[in-house]
Every structure is written in structure tokens, then in C-alpha cells.
Amino acid sequence: MTHLSSAAAAGIYHYDEIDRRFLAERVEQFRRQVARRLSGELTEDEFKPIRLMNGLYLQLHAYMLRIAIPYGVLSSDQLRALAVIGRRYDRGYGHFTTRQNLQFNWIKLVDVPEILADLAAVDMHGIQTSGNCIRNVTTDQFAGAAADEIVDPRVYAEILRQWSTLHPEFSFLPRKFKIAITGSGHDRAAIAVHDIGIRARSGPGGAVGFEIFVGGGLGRSPFLGRRLADWVPEADLLGWLEAVLRVYNQYGRRDNIYKARIKILVHEVGIDRLREQVEEEFARIRGPKYRLDPEIVETIRRHFAPPAFAALPAVSPALEQARAGDPAFARWTRSNLTPHRQPGYAAVTISLKPTGGIPGDATSEQMEAVAALADRYSFGEIRVSHEQNLVLAHVRQDDLPALWRELGRHGLDAANAGLVGDIISCPGLDYCALANARSIPLAQDISRRFADLDLQHRIGPLKIKMSGCINACGHHHVGDIGILGVDKHGVETYQITIGGTATEEAALGQVVGPAVGYDQVADVVEALVALYLERRGEGESFLQTVARIGVRPFKEKVYGAAA
Amino acid sequence: MALLLKDGQPVGDSWTHLDDAAGAVPEGPVIVSLDRWRRDRAALITRNTPVGVRLKSNQLAPEIAADLARFALVALEFPRFRDGRAFSTARELREHHGYTGEIRAFGHILPDQYQFLVRTGFTTVELPDGAGLASWRHALAEIDVAYQAGVAGDAPLSLLRRKLATGPK
């Protein structure tokens, strides 16, 4: 293993003795819980939420273990440990999810306590990656790097991680509860489709405050979050969240699993009434007990100090030269780089969407390669994006040609981040017990249809999102093109929507027309893209074109003018 | 009779759960449903013996706020262990209404929830029939780190995380 000196490492929250002690106790607790299940002291009904709250699912063919990657940040040592677990206990690969987590899909129950112990050795676990509790908090994959960032959301994501860990009051909620936080004007964390979405903002004198949205979510009843508060001061953040959660825990529906998310409560009582209830609750609990001490914030913030950036010119001659000399490299730099706040650096998206590949899958060998590249080029730190890609957040522009060549050796150089080949997909019927239809093979088909990278670049940014059932793990409602698999009398069919987005202009997609069969989906996608290319104005995005000309021309293109 | 647990140890129970259907009120402290309390309030008050009220999980703290001073005990039901409303009810009673009497959990509860009960303000637990006493006794010692403020004896959030004082082990 490579151990970086702390001077060369990116700011990451490192566990202290108390965190480690907690995790060791939790692993032992789970060992005893497994034993109590085996002895019959716990029924299966009782054991199920316990194993779920440790990330262990029973899927179609095997157990699945979902490992928490808090707000998508990993050290290279952690990624290497995941690679080893994938090789030792799974089939040599893992699957990165839209929740910035990692899933192993072929786990044996008997191995689980050992895997949890291996994870604990690198400060990792599966806690609260499932169950009716506050789930792993997610954020912008470019946090602490993006040029447009106002407040570093990792600081607050870590505070929320700690606050929500084994929360005594909120571990048996009506339903799961997902919180996302962004600190940029451009929302890359999809906060509008979370139970609570938080936008960190900067106020007078540099004070940090939060705009809070509530009741977003996809699934069978998709809703965009409603604004609950314009400005919650930093000190009140936890008190406010306590108030929201307490109202939800008491008044959220428990009679119907499909109506139990907070979005239904918001919908039924109305945002204004809910705001009144939350404000009453907050007024009651306001006080020193729930006040977030600025000293704590500073302590956590120090963990995320910027790494030791070199002073570099804003433009790298080496990068420009390599671009000019190699069109394939130049193409990759157009799609897979994000502007960095530090002159001479860039944030790199490593696409896990090679042509014909399974979105989000990475082999153990690839994980080890990325870990080594992170050590060499990005301060030993890796991010997981909710688009199911990996990110090296702090790469010197001078190093980009060498990094790209290395990535190519491991099949990780797909030049399609944010393009039509960068498909978000849930695991679907190939793994998931809930799915009605396949999604992975379909994503592979579509990806092959658009194998021509020049075509992808000509099309430009376009997000295809696909779910194999109405639970919408693939976020189909908020894709430029959304694909939802449904079971129609035993036949897999697919409903296609267009015009959705999860950014700051969040919108839900509109249905194009009648659902189509498995074999027709790639044709439909191709037709939708073709119409966009025919009709788009200069510099117009897919969403803008849909907004300008409406759904009808797309429908006619797909189903014929008679439609 | 169900075993009563306090601070991880079995203790004697002087309280009797009274059915709504039961006619005469027996001697000694009784726990009545909220319905019965509302029906027989005057008679129960004049008995001059401690009275407790039990709430179903959908009966929340505001329902008893006005009468809280009259109750020496509030028993909160868990119809299923996954119904976590009573955690909030207990906390509301303690933190908002300043209730200092006994708060008791009963119904379908697991040892894995004992720590949460204590940290949201419960005093005692009526163990479900057939409960594994060893697991309950062990439960408070399993995890002694807490990352957020709780009710009992917890200092303000001066540090986001700290070791829990779990008492004798």
C-alpha cells in the first residue's frame, strides 16, 4: 500500500479514536445480531430491518452488501480495500450507485461479519445505506474543487453524517430519508429530488446559511422539493433538521408504504402548514442543546483543508500542446474535465460507461488502478458521482496527458462524461428483487448504438436515465431522456419521457407516447436524438429544444405523424 | 406479568394495567388508556392514588399535555417495533412539556432499541413475553458512543460526538 504523507494528501475526514471505537462496537453488535437470528431469538421480520440498517439486502440471486461512501469521498487506501473485498468475497468487481455508494452483488451471508471487519479496518461500513432511517448524505462530486463553489458542502455533509448516525429518535421513521447538500450555484447534487435538499449559501460578512427544500423524491409519485426555508443560520442547522424529522416521525403516514415518504406528507398537509409545524417545533427546541457550535464546524472544516496546490499558471502549455497533437485526447478533455478553482488544475471525471459496458461497474483491477492514479495525480483522493462515475478532483493540467494514457490502459478513458453514452441505470431485473424489467442490457444496447464518440460530442450534453421499475433508482423522471421499465402482463415494456432535469431548474420529464417493447427502446432513443439534432437552435440544449417546440414533434418522430 | 426493566436490571412493578372493559378500579397505582382517562377522569382524580396513562403510537404528546401533572407514569405503546413514533413522543414529553415522571415502553420492542429508548427519555421497559433477558441486559453496553444530543443527562452539543455515560456495566 502507498501511504501518503499528510502534506501530500487531500483533505478527507479521518476517523478518530471515538469513530473507530464506535465502528468496532457496531461490527460486534451485528455479529451478535446474526447469532440471535440463527438461534431464533430474532424472527426474520425483526432481523430484516437490522440487517438492512447495516447495508445487507437479500436480492434475486444472492445477498447484496451496500457500502456507505459518505458524500462520495474515498481515500486511495479505502478504494484499494474495496478492490480486495471485491476479489475475495465477490466476483472481482463492484457497482457504484446513484447514491454515491458501492454495492457488491454476490455476497454470502456467512462472509458478512468478516467483510464488515475488513471494511472497519479502513474506517468503512454499510451503516444506514438502507432501512427507514436517515441515509448516507450525498453531495456535489466536485466539492472543494469546483470553480463555481460558494460553500464547501463536505463540511456540513460530514456534520450531518455524524448527527444522523444511529440517531435515537429517527432510526424507525415511516420510511427512508435522504438528504443531499450542495454548495454551488449549479446544483450537481440533485437536491430537488431528495427528502431534504440543502443549498449552502454565503450571507453578509461571510456567514454561512442554508436554503432548505423538503419533500422531493422520485419513485411512483415523483415530486420536486418545496422551499421550506430561505435562510437557516449555520448554528440552527441541526435544530431545524431535528424539527423537520420530528414532525415527519410523528405525522408521516405509516399505513401505506407507498405513501410514507415525507413528500406525501408535504403533498397532503401542504407546504405552508408543514412550515408552521416545523417552525413551532423549532421554536420549542431552539437553544444551546441543538445549537451547532462554530468551533465544531471549524474542527470539521480543518479536515477538508485544501491540499498543497502548486502555484501554476492558469493555462498549461503541456496540455495545449497535447490537445493540438492528439484529437482523441482533445476530445476527452472536452467532455471529462471540470474547471477547478485553483489555476493550473482540473477536476477529472473517470467515466465508468465504456461502450457496451455496465453503468457504474468497476473491476477490482480498475479500482486499484484508479487508487494508484489518485496517489500519483490527485492527492490520494477519489470521488464517486451520483452519475455513477469516479472523479479525481485535483489534477494538474500538466499531468492530464499522462493520466489519460494510464486510464486508457485500464479501459477507463471513455470520453463521454455528461454525453449520451454516460447513461445512469439501476441494476434492474438482472439483480434486483423489486425490478419489473431489465435495465443493464438495455443501457448496454443504447451505449453501443452511440458508440461513435464523434457523434456523442456532436450531440453534446444529454442525460439518459433508466430505471427497471417504478421505484426510480435510475432517476428516469429527471433525465433529458428517461426510460422506465414496467411489466405489462408479463412482458417488459418501457415508458419514455423527455425534458426532465435534476439541476437547479429541476423538472420532471413528460411522457412521449405509449410504452414500447424492449427491442424498440434503442430505436426510440435514436429517433429522439435525431429530432433534437434536426431542430435544435444554435447552442440549444436538449431541454431548451423540448421547452421551445414541445413534446409533440418528438412524439411524431417516434410514432409517426398519425400519433 | 411482564418483566419490568430499569437501567438494564429487572425491577419490581407496583403498577397495574387496567383494561377499558374492567369495571371497578383495583387498589394501588393503575395505568389506564387515554379513552378511559377521558371517560373516568373525575373518579380517577378523586381516588388519591397514583394514576398513569397509556398511549397508542398515534396518540401524541399534545393529547395529554394539559393533564400531564396528574400522571405519575406515561406508558407508550410500540404496536410493532418498526413504528418509531413513541421515540418522538417521549422526547416531546421530556423536552417540551418538562415531564419528570416515569415514561414506560411496552409492546413489541427489541433490545436493539433499548439504547434509543433511554436516549429519548424512557425510564422503564415492559419486556415482551419471551424476551431474551440476556440480550436486554447487554444492550445498553453494546455501543457507548453517541454522535448527537439525547435526553437523559446529555450535555449540550458542545462536541458533536462523545462517549456516552452508560452507567454501571
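Colleague: Which strand does S9(A) join through five bridges, and in which sense do the two run?

Modeller: In this predicted model, strand S9 of chain A is joined by five bridges to strand S10 (residues 226-233) of chain A, and the two run antiparallel. To read such a pairing, one looks for residues that face each other across the strands. Here A:Ile212 stands opposite A:Ala229 in S10(A).

Colleague: How many bridges does S9(A) form with strand S8 of chain A?

Modeller: Strand S8 (residues 196-202) of chain A pairs with S9(A) over seven bridges, again in the antiparallel sense. Across this pairing, A:Gly197 is placed opposite A:Phe213 of S9(A). The hairpin of S8(A) and S9(A) has five residues between its strands, and there A:Gly205 adopts a positive phi near 70°.

Colleague: Why is S9(A) described as largely enclosed by the rest of the structure?

Modeller: A general idea comes first: in a regular strand, side chains alternate between the two faces of the sheet. In this case, six of the seven residues of S9(A) (residues 208-214) are buried, so the strand is largely enclosed by the rest of the structure.

Colleague: Turning to the interface, how many residues of chain B are in contact with chain A?

Modeller: Chain B has 33 residues in contact with 37 residues of chain A. On the chain B side, the elements that give two or more residues are helices H2 (85-96), H3 (114-119) and H4 (133-142). H2(B) gives the most, with six residues.

Colleague: What is the composition of that side by class?

Modeller: The side of chain B that touches chain A has 13 nonpolar, 10 polar and 10 charged residues.

How values were computed
Residues are numbered from 1 along each chain as its sequence is written. Chains are lettered from A and ligands numbered from 1 in the order in which they are written. This is a predicted model: local features need pLDDT of at least 70, side-chain atom pairs count only at pLDDT 80 or more; totals for chains, interfaces and linings use all residues. Two residues are in contact if their C-beta atoms, placed from the backbone, lie within 7 Å. Helices (H or I, at least four residues) and strands (E, at least two) are DSSP runs, numbered from the N terminus. Ala, Val, Leu, Ile, Met, Phe, Trp, Tyr, Cys and Pro count as nonpolar, Asp, Glu, Lys and Arg as charged, and the others, Gly among them, as polar. A residue is buried if 20 or more other C-beta atoms lie within 10 Å of its own, exposed if 12 or fewer, and partly exposed in between; C-beta atoms are placed from the backbone. Two strands pair if DSSP finds at least two bridges between them.
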